[in-house]
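This report describes a structure for a reader who meets it for the first time. The sequence and the model are shown below.

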Amino acid sequence: MSKELKNIGDEVMAKIREGQVKMKPKYYFIVGSVLSFVGLVSSLITSVFLIALTRFAFRSHGGIFAEYRFEQLVSNFPWWAPILAVVSLFIGIKLIRRYDFSYKKNFVYVVIWLVLAVFMAGLVFDMTGLNDIWLQHGPMKGIMRQYFDEGGVRSGLGQKHLQANISRGIKLPFLKD
Amino acid sequence: MQNDIEKLSDEAIVERVRKSDQEFYSVIMKRYQDRLMRYAGGLIKDKDKATDIVQSSFIKAFINLNGFDTNKKFSSWIYRIVHNETMNLIDKNQKEAVFPDGFDVESGEDIEKDFEKKEIKEKIEKCLADMPVLYSEPLSLYYLDEKSYEEISDILQIPMGTVATRISRAKLLMKKLCQKN
């Protein structure tokens, strides 16, 4: 064995013995994996729901109302959910960014496939009526209920929300001065 | 005792290092350092840098040892770490020649008959230095480190079909380079 090679082993072992190099504990990787999983799942749920809801809203109230409807969606949407998703994913990936087989995957392709998958899933949810199931039993029950109550599917134009926006001075494109 | 240790699989040794005795890590290093030095040296073409790469790879592997899944092959994992370390250094230094645009070699031709594995192994060592990393790396892993297509696919994070294509093209390229030399 050459001198350099012997030195590599000796130097690494010396650092280990002296405590300069320490193994990361197992829980570090578990926390990272759990956070990544939570982030991924919550981002998927949020995105699918957003797409399905947006499509539903535009279909129900097209034309000049679409913009207002979108604004209403934005104001009703639980922004904590995507923020949680991003934060969990960020911390999770950072924690588990170890040298395993998932390291250095081509994340551009991963993101493209994820966006396409979410978009397709959103359309499928909308077309198959899974929205209704979510409305009654799913994870977005509260948000959907709020959307329907405030958004005015039952009350036509969403008078309550409309009035609130007008009183706050928000200019709506379809209303004459 | 020594024989018993030698019989242990890499994954079993990793398990021991993690659970009871960190000294066993030297066994792992002993098993891999020659091969990894040759692998890193072939990529970076600088002995001192290859030594640094192998050393830092062993350190990173030790730090992240609890993240290694013992159901997978340790060999692929450690090669992957060395690959990443080398590529990071190459990116940093930007010394390695980029593969020329538009370069392509006709593929699909089965030249396995022309080259026996042993003969190729000897020629590879001579011609590898003149080859772009894109092709020299899978070729070196296949013939010199005797990795399977699946292992190379894990190490380089490319599909097995791409591994096969690159090796096939590398052989054609090598034929040209070796004949020229």
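A residue is buried if 20 or more other C-beta atoms, placed from the backbone, lie within 10 Å of its own, exposed if 12 or fewer do, and partly exposed in between. Of the 177 residues of chain A, 20% count as buried. This is a predicted model, in which local features need pLDDT of at least 70 and side-chain atom pairs count only at pLDDT 80 or more, while totals for chains, interfaces and linings use all residues. Residues are numbered from 1 along each chain as its sequence is written, and chains are lettered from A in the order in which they are written.

Chain A has eight helices and zero strands, where helices (H or I, at least four residues) and strands (E, at least two) are DSSP runs numbered from the N terminus. Two residues are in contact if their C-beta atoms, placed from the backbone, lie within 7 Å. Among the contacts in chain A with a separation of 6 or more, 74% join residues 24 or more positions apart.

The contact between the chains takes residues from both, as tabulated.

| Chain | Residues in the contact |
|---|---|
| Chain A | 23 residues |
| Chain B | 27 residues |

On the side of chain A that touches chain B, α1 (3–18) and α2 (26–60) of chain A each give two or more residues. The most comes from α1(A), with nine residues.

Over residues 95–109 of chain B, pLDDT stays under 50. Where pLDDT is low, the predicted coordinates should not be read in detail. For the complex, the predictor gives an ipTM of 0.71 and a pTM of 0.62.

How values were computed:
pLDDT = per-residue confidence, 0-100.
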